[in-house]
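Open the structure in your viewer and keep the selection tool ready. The stops below go from one part to the next.

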Amino acid sequence: MTTTSTNAAATKMLVGLIGKGIQHSMTPAMQEQEAREHGIRMHYQLIDLAEPAAGEQDLGQLLQALGAIGFAGFNVTFPFKQAIMPLLDDLSEEARQIGAVNTVVNTGGRLVGHNTDSSGWAWGFRRALPAADLSRVVLLGAGGAGSAVADAALRLGAGHLTVVDIDAARIDALASRLNEQHGPGRVGATTDIAAALEGATGLIHATPTGMASMPGLPLPEHLLRPSLWVSEIVYFPLETALLKAARARGCATADGGGMAVGQAVDAFRLFTGLEPDAGRIDAHFRAMIAAKQASS
């Protein structure tokens, strides 16, 4: 990933996260701790648009305010990863291809959107399941995160990817874009998860189901089988209902912590222009998760 940030010499930095219901995010602590290791005093501000009346219509005014206050950059999460794109001054080629932004860098007063979800998921997946069979992969969830993960799975060599979502128009649009970018016939779309999993070698879960605020299974448990690996993007709790069920049925699994750490590593590089220590960030992240789960 090419770093375009001009902040490498900074000793103080203001960054943040825009989203809804983000008070449990581990990103502030991960970013601030790694910054301290590099001699930077970073303040990472949560910008939680959780009020029912707040939404996409407020993003333009918010971006102007963040620029005026002096934010060096910010992350973007659900539900604004796609809505923020037309409001930015420029996009990285990766963000443009994926159709979603999760990291914005203030470069000389211009807001440039990037996507570290794709590279972040790939980093965590390779680390957890290096020998996974990628011949027939199913992706459940076609939102901003799902779009990024779909791109990453195809770049890693997925032979065929089936995208599943309840929104038929959204999956058709995503499949069409991915086939145009990665080659015709590599991506299919369906609203039927059972049909999609027939003959599949792996499942990637990219919906919010399973989060502490949205507990539950995203699919019928009986569809899981030992020959299927399962990759999760939800990281709090680290063991979601899906992962627990998958492990009980003998599936190889990758938890959502890998993607959380991987995207944070790439975002830190973009914000600061410095090279982060991925192993150190991963150890810090997992220690925080363990402490949080022990106290809950």
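Which residues have the most contacts inside the largest nonpolar core? Select W121, L139, L161, V163 and I204, which hold that place in a core of 28 residues. A nonpolar core here is a set of buried Ala, Val, Leu, Ile, Met, Phe, Trp, Tyr and Cys residues joined through side-chain atoms within 4.5 Å; buried means under 20% relative accessible area, exposed over 50%, partly exposed in between (1.4 Å probe, protein chains only).

The model is predicted: local features need pLDDT of at least 70 and side-chain atom pairs pLDDT 80 or more, while totals for chains, interfaces and linings use all residues. Residues are numbered from 1 along each chain as its sequence is written, and side-chain values use heavy atoms, without hydrogens and water.

Next, colour α4 (117–128), β7 (136–140), α5 (144–155), β8 (160–164) and α6 (168–182), the elements that each give two or more residues to this core. Helices (H or I, at least four residues) and strands (E, at least two) are DSSP runs, numbered from the N terminus. The largest share, six residues, comes from α5.

Now centre on V163. Beyond its neighbours within four places in sequence, V163 is in contact (heavy atoms within 4.5 Å) with residues including L139, I171, L174 and V187.

Apart from that core lies another, of 21 residues, among them L63, L66, I84 and L88.

Move to helix α2 (residues 59–69), where L59, L62, L63 and L66 are buried. On the other side of α2, Q61, Q64 and A68 are exposed. Show β1 (12–19), β2 (41–48), β3 (73–76) and β6 (110–114), which are among what covers the buried residues of α2. Finish at G70, which follows α2 and has a positive phi, near 105 degrees.
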